[in-house]
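Welcome, and please open your viewer. We will start with the whole chain and then select one residue at a time.

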Amino acid sequence: MTNTIIEIKNLKKSFGDHHILRDISLSLQKGSVTTLLGPSGSGKSTLLRCLNLLTIPDAGSVRVGDREISFGAGQLQAKSSEMSAFRATTGMVFQHFNLFPHMTAVQNVMEGLVTVRKVHKKVAREKAMALLARVGLADRADYYPGNLSGGQKQRVAIARALAMEPAVMLLDEATSALDPELVGEVLAVVRQLAEAGMTMVLVTHEIGFAREVSDTVVFMRDGVVVEQGAPSAVIDNPKEAATCSFLMRFSVEI
Ligand code: ADP
Ligand code: MG
């Protein structure tokens with residue numbers, strides 16, 4: 001299948017004797033939006049972190065685009081240059097933004113281009129300014145994170161991830177740390193990226209938003225995929241009892 005951009009096969013991860021991911025296999029299409037739903041502790045963040053190699057899986061393989069890495073016994077340890085190249089295929093956005101506090105918005109967005117990609121500062125700044133405009137923050141370019149709202153900080157973090165031109169964006173509860181009135185501005189940026197054809201994997205508890213933007217919803221519990229499919233199936237007509245009881249908690253939104 002030429003259109004599959006992420007292929008996860010038999011991925012496993014334990015911390016001590018705690019099995020966090022138990023044999024996860026998923027394939028995601030280019031240009032698609034996939035949302036991971038599931039109770040706290042089900043392994044959603046660990047799965048995203050494995051895609052970005054912030055966490056190294058114990059077994060299985062991950063392919064993003066034409067780069068594949070296999071893990072576990074019998075596999076050659078990937079070289080650090082291979083790991084870096086693989087990592088660069090995805091861009092990660094975290095719940096708590098993780099901006100550099102001593103750098104302005106535009107400096108945060110430029111940083112990876114200048115230090116990792118060795119792009120000339122002037123070129124990097126122009127690109128960063130264009131990205132800040134894209135997330136609606138051209139007029140905040142010279143603000144430090146401490147002088148930005150949570151929603152603005154998260155939009156800077158999205159621009160920073162986009163600057164590296166990842167094939168896939170990974171967003172882990174990007175709106176969970178925000179005051180409710182600031183959630184909408186971040187979701188609007190995510191929606192705009194989806195409309196522009198960016199491949200994304202989202203972890204979110206915004207069920208209404210997940211239903212609207214996702215092509216595929218994956219419900220996880222205890223490190224396994226319980227069910228997956230279109231939002232109209234998994235969110236509106238879940239088959240599994242575990243999915244039903246999880247979604248019941250969000251019944252106000254649905
Ligand atoms: P979710 O994002 O679905 O809430 P996580 O992937 O964050 O789930 O975590 C699943 C479980 O893995 C949790 O019980 C968490 O405590 C544990 N875990 C995650 N990262 C680590 C780690 N680095 N060391 C030990 N346990 C971890
Ligand atoms: Mg999590």
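Begin with the charges: the mean positions of the 27 positive and 26 negative charges of the protein chain lie 6 Å apart. Here Lys and Arg count as positive and Asp and Glu as negative, with His and the chain ends not counted; each charge is placed at NZ of Lys, CZ of Arg, CG of Asp or CD of Glu.

A note on the ground rules: this is a predicted model, where local features need pLDDT of at least 70 and side-chain atom pairs pLDDT 80 or more, while totals for chains, interfaces and linings use all residues. Residues are numbered from 1 along each chain as its sequence is written, chains are lettered from A and ligands numbered from 1 in the order written, and side-chain values use heavy atoms, without hydrogens and water.

Next, switch to a cartoon view. The protein chain has 9 helices and 10 strands (DSSP runs: H or I of at least four residues for helices, E of at least two for strands, numbered from the N terminus). Its C-alpha atoms fill a box of roughly 50 × 50 × 35 Å along the principal axes.

Now select S14, in strand β1 (residues 4-15). Which residues does S14 contact, leaving aside neighbours within four places in sequence? They are H19, I20 and D58, where contact means heavy atoms within 4.5 Å.
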